[in-house]
Amino acid sequence: MPKQILSFTVNGDKTEVLVQPYVTLLEALRDEAGLTGPKEGCGTGDCGACTVHLDGKPVASCLVLALQARGRNVRTIEGLGTPTELHPLQDAFVRHGVPQCGFCIPGVLMAAAALLDETPAPTEEQIRYGIAGNLCRCTGYTKMVAAISEVAGSLKTKGAAR
Amino acid sequence: MVLPGSVDECVKALATHGAGARTVAGGTDLLPQMKNGVVKPAVVIDLSGVAALKGVASANGSGLRVGACATARELELNADVRKRFAGLADGAALVGSVQVRNLATVGGNLCNAAPSADMAPPLMALDAEAVIAGPKGERRVPLTAFFKGVRQTVLGADELLVAFVVPAPAAGSGGSYIRHTPRRELDIAVVGVASQVTIQNGRCVKARIALASVAPTPVMATAAQQALEGQALTPELIERAAGLAVDAAKPISDQRGSAEFRKHLVRVLTRRTLTAALARASA
């Protein structure tokens, strides 16, 4: 089957890759764009390890055909922060010791960042529902909720609405 | 992969590629089915570039038009849907996770035609109609006649679901959808019940009750509806209607629950949704 051109914006950069029409956005990001932050856990949209932002909204990239992302904006964990300038959520995750095996963390961070974009001062219940689509088999949820709550609280006190 | 830009182009693509083609909207049902080999389409027609299929439109006091490619998340967050079509917002909010609801579309949820589809019962209880485009033009089908069986609808191979239209509920209306699942998120309804009532001068002038996961298709509990119409909705009458709703359920026993358990759930959830619908109608 001939490959097709996928033109989209990834982490702010105009990007073009060649993909088979049947590959998923997750496969295009990992195998063609070299962004291996998003992970494939279940491949069926249940585990959330592949969570990226599509036009600002969290989606399971394993359920999106790559060509459906044509012309759209994709943000992966690589675009959330940098090693020298962590996103406040990444910083809090490090300080709270959230990652254990780490496999689910990119997805959890993207879900949490999207939650705070939409709901800057979430309740604990809203936080738990916000990451309900992300499975952590090390079961590190308590620390995740603590870290996200802390960032939400600091956003609230700073009055920043991001 | 075909990338049409209009409904006409979709219908033409369906005519050209025939039964081997599948349309993809959110992909949350189709992609897992393709990955595990249940569905092997020769051609996939992507609907994401068709603006006419998108969006939720309503004006104050008017009916609702839900584009087939409106996402569950859009319905869940839409202020007018939450207020006047609350049962539909309830159902939409229960689909998958937020990562799935940002992709999953109402059209996909219904065309997939699983008996457990969470958005089907509330739309049926709201007297929704499906707007279907085909080579001969557009036709409308009441949602109660849309499903033909498990994973089967009235859609022909050359037809495309365009939207659902929902009439404006009369003043004094309220609705609710509740499902039973062992887990609160990311689960499939063991039983789901949607109730919609209109109360005028203390009496129920219209009642609709739709049940999911108790038959090959979502079904209406018509005898229960009739028992409520014209009456004041007392707890005793609601309990009687809940009992009548059980008779409309023809469930199977499977790994999610026995037929007996499902009938019990129909009674409980009919009572709860009628009570919630009544409260919302009075609010």
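## Two domains in chain B

The centres of domain 1 and domain 2 of chain B lie 20 Å apart, taken over C-alpha atoms. In their contact, domain 1 of chain B brings 23 residues and domain 2 of chain B brings 26 residues. The model is predicted. The domain assignment of chain B places domain 1 at 50-166 and domain 2 at 173-282.

Consider the side of domain 1 of chain B that touches domain 2 of chain B. Three elements each supply at least two residues to that side: helix H5 (86-93), helix H8 (120-125) and strand S7 (147-149) of chain B. The largest share, 5 residues, comes from H8(B). By type, the residues of this side of domain 1 of chain B divide into 13 nonpolar, 7 polar and 3 charged.

## Chain A as a whole

Chain A holds 5 helices and 5 strands. From the N terminus on, the elements of chain A follow the order β-β-α-β-β-β-α-α-α-α. The radius of gyration of chain A is 16 Å, close to the 15 Å that the globule rule gives for 162 residues, so chain A is as compact as a globular protein of that length.

Along its principal axes, the C-alpha trace of chain A spans about 50 × 30 × 25 Å. Of the 162 residues in chain A, 45% are buried. Among contacts in chain A with a separation of 6 or more, 57% join residues 24 or more positions apart.

## Helix H2 of chain A

Helix H2 of chain A covers residues 88-95. Its buried residues include Pro88(A), Leu89(A), Gln90(A), Ala92(A) and Phe93(A). Just after H2(A) comes Gly97(A), with a positive phi of about 65°.

## Where the chains meet

Chain A puts 20 residues in contact with 18 residues of chain B. On the side of chain A that touches chain B, the largest share is 4 residues, from strand S4 (residues 57-60) of chain A. The residues of that side of chain A divide into 10 nonpolar, 8 polar and 2 charged.

## The largest nonpolar core

The largest nonpolar core has 143 residues. Which of them touch the most other members? They are Leu109(A), Ala112(A), Leu75(B), Met119(B), Leu123(B) and Leu211(B). Helix H3 (residues 105-118) of chain A gives the most to this core, with 10 residues.

Not counting residues up to four places away in sequence, Met119(B) touches Ala72(B), Leu88(B), Gly91(B), Ala92(B), Val95(B), Val106(B), Asn109(B) and Leu110(B).

Notes:
Residues are numbered from 1 along each chain as its sequence is written. Chains are lettered from A and ligands numbered from 1 in the order in which they are written. This is a predicted model: local features need pLDDT of at least 70, side-chain atom pairs count only at pLDDT 80 or more; totals for chains, interfaces and linings use all residues. Domain bounds come from an automatic or database domain assignment. Two residues are in contact if their C-beta atoms, placed from the backbone, lie within 7 Å. Ala, Val, Leu, Ile, Met, Phe, Trp, Tyr, Cys and Pro count as nonpolar, Asp, Glu, Lys and Arg as charged, and the others, Gly among them, as polar. A residue is buried if 20 or more other C-beta atoms lie within 10 Å of its own, exposed if 12 or fewer, and partly exposed in between; C-beta atoms are placed from the backbone. A nonpolar core is a set of buried Ala, Val, Leu, Ile, Met, Phe, Trp, Tyr and Cys residues joined through C-beta atoms within 7 Å. The radius of gyration is taken over C-alpha atoms; the globule rule is 2.2 Å times the number of residues to the power 0.38.
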